[in-house]
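Here's a quick briefing for anyone meeting this structure for the first time. Take a look at it, then read on.

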Amino acid sequence: MPIPSNLTQTLSLTLPSPLQRFSPPWPGADKLTMWIKRDDSIHPVISGNKWRKLQQALTTLPQGTQRIISFGGGYSNHLHALGYVCHKFKIPFTAIIRGDYCTRLTPMLGDLQSWDCDLQFINKATYKLRDDPDYLAQWHQRFPHSVIIPEGGSQVQALAGMQDMVAEIDTDFTQILLPVGSGGSLAGVASALSSHQHATGIAVLRGQDYLEERVNSLLPAPRNNWHIEHRFHHGGYAKAPQGLLDFCHTLFGQTGLAVEPVYSGKLFYAVAELIAEGAFAAGEKLVLVHTGGLQGARKG
Ligand SMILES: *Cc1c(COP(=O)(O)O)cnc(C)c1O
């Protein structure tokens, strides 16, 4: 297989990613100790948590794999990251995209096209079949010896890379917080925690119950050390009301930390709110995972 085992060196990834102290001027923040796990600095193109989730699948591709196929929306950081890696290693890649962007490629789809990816546009009804075995069999038939990676890269194999992320954190923390889209990252983090640690996922889309089910389906055994906050999606996926945009802008001005409104902005906004609500006891040690996504913040 053309993918080398020393991917980290070949792609010049910054691993382990830095762990930074974070002291924002938020009400109540002075009673806590906070760090940011800077997975956004792993690579300028390969969005942080997408690397973590893909790492194991890419390093263990079956012998004779001829193509990778995956699913996502027009702004998918996952397709973008995977497309870049496939381009670098000259692996044919088919991106199956929800909705017809054919005549109006987003900046990320434009990148995929320039990386010679095969872009397939399907309608929303067909896209619902993205995990259906019969539907996937049709793609396997069309492209023999292909490997299909599910939407967002969220599959059981994605957990190992997130566990590596947690293992890199060389300070004892009590709380870890991260944004939740398809649930793979949270499942990986929850599976790696010690008994005194708790994970909070901030849902970036309207997904009550559905997201909990997704996380549970990926966990090897049920765990009660995590939960998802559903109050901070700001109207839904990629919805960015002015209040959220103002928050991102102010955070950058105050701390120099760049966040985007789709994932990390919602995380930091939620953490500020949770602290103000008194969700954390004085003295708790929080790690906020900056999962990346800045390459997707470009305007179309
Ligand atoms: C995809 C993504 C997430 C969500 O991760 P899931 O494992 O899908 O829940 C968070 N942050 C960024 C930047 C992402 O691209």
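Helices (H or I, at least four residues) and strands (E, at least two) are DSSP runs, numbered from the N terminus. This is a predicted model, so local features need pLDDT of at least 70 and side-chain atom pairs count only at pLDDT 80 or more, while totals for chains, interfaces and linings use all residues. Residues are numbered from 1 along each chain as its sequence is written, and side-chain values use heavy atoms, with hydrogens and water left out.

**Overall build**

- You'll find 11 helices and 10 strands in the protein chain.
- The radius of gyration (taken over C-alpha atoms) is 19 Å, and the globule rule is 2.2 Å times the number of residues to the power 0.38.
- Along the principal axes, the C-alpha atoms fill a box of roughly 55 × 40 × 35 Å.

**Around the ligand**

- The ligand has 17 residues around it, and the closest are Lys-50, Lys-53, Ser-182, Ser-185 and Thr-291; a residue is near if one of its heavy atoms lies within 4 Å.
- Helix H2 (48–59), strand E7 (175–180) and helix H8 (184–190) each bring at least two residues to this shell, with the largest share, 3 residues, coming from H2.
- Sorted by class, the shell holds 3 nonpolar, 12 polar and 2 charged residues; here Asp, Glu, Lys and Arg count as charged, Ala, Val, Leu, Ile, Met, Phe, Trp, Tyr, Cys and Pro as nonpolar, and the others, Gly among them, as polar.

- A polar contact here is a pair of N or O atoms within 3.5 Å.
- The side chain of Asn-49 has an N or O atom 2.9 Å from a ligand oxygen.
- Gly-181 has a backbone N or O atom 2.7 Å from an oxygen of the ligand, and for a polar backbone atom of Gly-184 the distance to a ligand oxygen is 3.4 Å.
- On its own the ligand has 380 Å² of accessible area, and the protein covers 98% of that (Shrake-Rupley method, 1.4 Å probe).

- Most residues other than glycine have a negative phi, and most peptide bonds are trans.
- Leu-15 and Pro-16 are joined by a cis peptide bond, with omega about -10°; Pro-16 lies in the loop between helix H1 (7–10) and strand E1 (19–21).
- Lys-90 isn't a glycine, yet its phi is positive, about 55°.

Methods:
Polar contact = N/O pair within 3.5 Å; in protein donor to acceptor, adjacent residues only side chain to side chain.
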